[in-house]
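Here is a short briefing for a reader meeting this structure for the first time.

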Amino acid sequence: MPERIHDSEDPRVEAYKATKDHTVLARHGAFIAEGRLVVEMLLSGGSIYRARSVLVGEASFRAMEVTLTEAESTGVEVYIADQTVLDSIAGFPLHRGCLAVGERGPELGISQVLGALGEGRTVFPILEGLANHDNVGSIVRSAAAFGARAIIRSPRCCDPLYRKAIRVSMGHVLRLPVGVADEWPGDLQRLRDRGVKLIALVADERARTISSVVRSMQEVDAPIGVMIGTEGDGLSEEAIGLADELLHISIAPDVDSLNAGVAAAIAMQRLNE
C-alpha cells in the first residue's frame with residue numbers, strides 16, 4: 001500500500017527536497033522525473049532506467065493507481081501527500097502533482113552506444129557543448145520521433161537527465177541510450193572507423209545545401225550522425241574536420257540563425273526521407 005507523507009521533513013522523501021538541485025541528485029546517482037506522462041514512462045517496461053520511488057498528490061494517485069500499484073509490486077516505494085506538503089517538499093508549487101526519483105546507473109560510453117546503433121541506417125544526433133536544457137530535450141524528442149537508436153554528447157554538453165530536459169523530451173530521454181564521448185573529438189574518429197557517416201550542421205559557405213546532402217546520403221546503409229553545436233559558437237573546427245559532409249539549412253537573409261533544436265529536427269527529418 002502507498003505510504004502517507006504528512007511532513008515535508010519526513011526522511012522517506014529526503015531525495016525530493018533536492019528537486020531543484022540537479023548536482024546533489026547526480027552525486028547520489030539519481031534524477032527527478034516530473035509529471036504524470038514522464039513518470040509513467042519511467043515506470044513502464046520501455047524505460048532504460050529504474051525508479052526508486054514516486055511521490056504523488058491525491059489526484060495523480062487516482063489517475064495513475066493501476067500503474068503505481070504495479071510499480072509497488074516491483075519494489076518501487078509510492079508516497080502520497082497533500083498539495084501543501086508536496087509544494088513544501090519540492091520547494092516550489094508542484095502543479096503537476098507527480099514526481100519520481102530515478103536511478104541513473106553507470107554512464108554509457110562510446111562502445112555501448114555503438115552497440116545500440118547496430119547495423120543499418122539510423123539517423124541520430126551528436127551534441128557538442130550544448131548548454132541549453134530546452135534544446136537538448138527538444139533534440140531528444142525529435143530523435144525519438146525520427147527513429148534514432150541512440151544519442152551521443154560531448155563531455156561539455158549539459159546533462160539530458162536534468163529535470164527540465166526530461167520534461168521537454170516528453171520522457172523520451174528515458175528510452176533512448178545517451179552516451180558520452182569522453183575522448184572528444186577523438187571518439188568521432190572511432191565512429192567513422194566503425195562506418196558511421198558524420199554530418200556537421202554549419203552556417204557558412206563551405207557547406208552544401210540540405211537537398212544536396214540528402215541526395216548524397218540516400219544510398220547509405222549505415223548509421224548517420226548529425227553533429228549539432230551551440231547556437232552561438234557552433235561546432236568546433238576539430239569536429240567539423242572529421243565530418244563526411246557539411247550541411248547548411250537555408251533561411252531568410254535577415255534571420256541570423258535557427259534554434260539548435262529546430263535545425264536538428266529539420267536535418268534528421270530530411271535525412272530520413
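A pocket here is an open set of grid points, on a 1 Å grid over the protein atoms alone, with protein on both sides within 12 Å along at least five of seven lines. A residue lines a pocket if it has an atom within 4 Å of a point. The model is predicted.

**Second largest pocket**
- The second largest pocket is lined by 14 residues.
- Tyr 49, Arg 104, Pro 106, Glu 107 and Leu 161 lie nearest the centre of this pocket.
- Its volume is about 240 Å³.
- Eight nonpolar, one polar and five charged residues make up the lining of the second largest pocket.

**Largest pocket**
- The volume of the largest pocket is about 500 Å³.
- Its lining counts 24 residues, and Leu 201, Val 202, Ala 203, Ser 257 and Leu 258 are the closest to the centre.
- Strand 12 (245-248) supplies at least two residues of this lining, and so does helix 12 (260-271).
- By class, 12 residues of the lining are nonpolar, seven are polar and five are charged.

**Helix 6 and helix 9**
- Helix 6 spans residues 110-117, and helix 9 spans residues 186-193.
- The two helices pack at an angle of about 30 degrees, and their axes are 11 Å apart.
- Their crossing is right-handed.
- From helix 6, Ile 110, Ser 111 and Leu 114 meet Asp 187, Arg 190 and Leu 191 of helix 9.
- The residues of this contact comprise three nonpolar, one polar and two charged.

Conventions. Residues numbered from 1 in each chain as written. Predicted model: local features only at pLDDT ≥ 70, side-chain atom pairs only at ≥ 80, totals over all residues. Heavy atoms only, no water. Axes fitted to C-alpha atoms, helices over the stretch in contact; angles between N-to-C directions. Helix = DSSP H or I, 4+ residues; strand = E, 2+ residues; numbered from the N terminus. Left-handed = near helix turned anticlockwise from the far one by under 90°. Contact = heavy atoms within 4.5 Å. Nonpolar A, V, L, I, M, F, W, Y, C, P; charged D, E, K, R; others polar. 1 Å grid on protein atoms, 1.4 Å probe; cavity = no way out; pocket = protein on both sides within 12 Å on 5 of 7 lines; lining within 4 Å. Points joined across faces, edges and corners; volume = space filled by probe spheres on them.
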